[in-house]
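Hi everyone, thanks for coming.

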Amino acid sequence: MKETWSFLDTFEPNFRPLVVIELAKGTKKETIEWFTKRIVDKKANGGAQLLIKPLVTENGDENIYLVGASQLRLLLGAETVGLVKECNDNSMRSFTYSSRKTFKDFADDNQNFLTMSECQYIIKHELENLRAKDEKMIPGYPQAKLYPGKSIVRRLLTNGILVQIFPLHDREELKKLRHTWYGRVKIGYQPLDEIRSYFGETIALYFGFLEYFTFALIPMAVIGIPYYVFAWEDYDKYVMFATFNLLWSTVILEVWKRICAVMTYRWGTLLMKRQFEEPRPGFHGALGINPVTGREEPVYSSIKRQLRIYLVSVPFVCLCLYFSLYVMMIYFDLEHWALDYHEENNSTFSSLMLYVPSIIYAVVIEIMNRIYRYAAEFLTSWENHRLESSYQNHLILKVLVFNFLNCFASLFYIAFVLFDMKLLRQSLATLLITSQILNQFAESLLPYWLQKRHVKKIKKHTHSLKTEMDLSLVEQVNLEKEMGTYFGTFDDYLELFLQFGYVSLFSCVYPLAAVFAVLNNITEIYSDALKMCRVYKRPFAEPTANIGVWQLAFETMSVISVVTNCILIGMSPQVNALFPDSKMDLVLTVALVEHLLLAIKFVMAFVIPDKPREIQIKLAKLEFESLEALKQQQMKLAAESLKE
């Protein structure tokens, strides 16, 4: 980021603003003094040893602060969080300050050894680890209780004293990234390394998976187009397409694991040690002692949590599922009405009316999914999970179960109860296309339009100020603090998960499903890139080695697709003709084939290594060197003890 903010230079020549802290207006002076002192205080005194400066505006408000850090502090922080960097011998190792000279591109005067996103991640880690010592409350707010070991930032957030913390954009780097990423229409790969450098590994992995999934859909789309043209009404021919579908859904997920391992090794996150998880901000309970850390912190009975899950959350989810099925039956009543209307009138208008129930149902599905998402978040928060990972797993499970039933129940009903392949094709096409259009509008176009209006308003107000202050910083902070907050890749992965379901479960009936999915994903890459760069605040980088629980979700969907496609094959007239006398033989044969294919699928998953051999060797070599270093250290300690 260019240091053009002259008013900062008078305070700290080397101060580079990285993170913005916004306190509530009217925050008491003693609270601000105590909090800022803890930020700048030495680590030995329980501080974060960071740099902090107020952003002084024309009206004199001091509720916004800029946080930075010295180069030495950032390097020591990189060692603390376990960042992995490339060495001069091209290997990847955890960074240590004592061996800093062995790392590629390191120099004492090189401010770019750590990327800006890594610096911001380090600052976030240090701020979140500011803990109360002897304080019983936040100064100036007796109701905001503290106890030894409590995260100060989390207590400030939960009490509304701290409004938000977010990393600043680097406008020059962002401009370059936008140009190479979506600034021009081109056919090619995304700049994943640059995305990772700017937004971190979690965001880069999502875009990497989106790109990979789009390319993986191309074979399905290429086969689907001629299949659609030459076998439009001939459903007998979908046996071959369903068989290809089975192999495709398995292979692409196994290949992705290997690609993911290569990327994350290059980025260093495959080697990062998992840190001990601290309690999530919303976790509450009576004060107790953590048996692992020995620190005083809230404790909550696991029995109470289980009772909340099984006596409240599970019944609520079941009730929502029942309501979803009830809405589905209303949809079928509308379909029946539209069909009767068309038979009576047989006009162009009545032909169009045949698609109206499916469109209405698709819109209702999207609305129900979004409403349920808020309810699921509230319930999962109320369950009071201690760890963020546990909270996310329970939330994802709730959302996936509902979304799966809400989006696919009608298709299963049409296929396996009504046995109406024509209606199945129509419903699948309508649900897929309508959901894609609605998601593009709700996730990118609408927020972008609203943000553009807000930017014009802020710029007009800022340029009207008569101040000698460098307006570039004031304008940037004011613009960014009002931007929407990006809450992670949950919704993005969920959209891809449902799309994968539409393609892998029933695309043999509607071969163009993969074609529409490819077209949607191409526009999705550009619209998601636009919202990351222009609509939302810059998110903090989060190191990750894979796509987490979503890998399991996609693999589960691929297992369901095996069962679904086997049943569809068994229903085809071609296969039925082979068993003219005994339907039981047909059922047993289909079940046998389905079990055989599942066995083949699991064998393939076992045979195809999750990591390429080259990566396995590098990881094994690092593990060997670590063990040898540990042995040398133990021998040295033993020798010293013998001398004594």
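I'll talk about salt bridges first, and then about a nonpolar surface patch.

A quick note before that: this is a predicted model, where local features need pLDDT of at least 70, side-chain atom pairs count only at pLDDT 80 or more, and totals for chains, interfaces and linings use all residues. Residues are numbered from 1 along each chain as its sequence is written, and side-chain values use heavy atoms, leaving out hydrogens and water.

So, how many salt bridges does the structure hold? There are 24, each being a side-chain nitrogen of Lys or Arg within 4 Å of a carboxyl oxygen of Asp or Glu. Take E22 and K481, whose side chains meet at 3.9 Å, N to O. This pair links distant parts of the chain, 459 residues apart: E22 sits in strand 1 and K481 in helix 15. Helices (H or I, at least four residues) and strands (E, at least two) are DSSP runs, numbered from the N terminus. E22 is buried at 11% relative accessible area, and K481 is buried at 16%; buried means under 20%, exposed over 50%, and partly exposed in between, with a 1.4 Å probe and protein chains only.

Now the patch. I303, L307, Y310, L311, V312, V314, F378 and W382 make a nonpolar surface patch of about 830 Å². Nonpolar patch members have over 30% relative accessible area and no salt bridge, and their side chains are joined within 5 Å. Helix 10 gives the most, six residues. L307 is found in that helix, and is partly exposed at 46%.

Notes:
Patches are made of residues with over 30% relative accessible area and no salt bridge: like charges are joined within 9 Å, nonpolar side chains (Val, Leu, Ile, Met, Phe, Trp, Tyr) within 5 Å. Accessible areas come from the Shrake-Rupley method with a 1.4 Å probe; for residues, only the protein chains shown count as cover.
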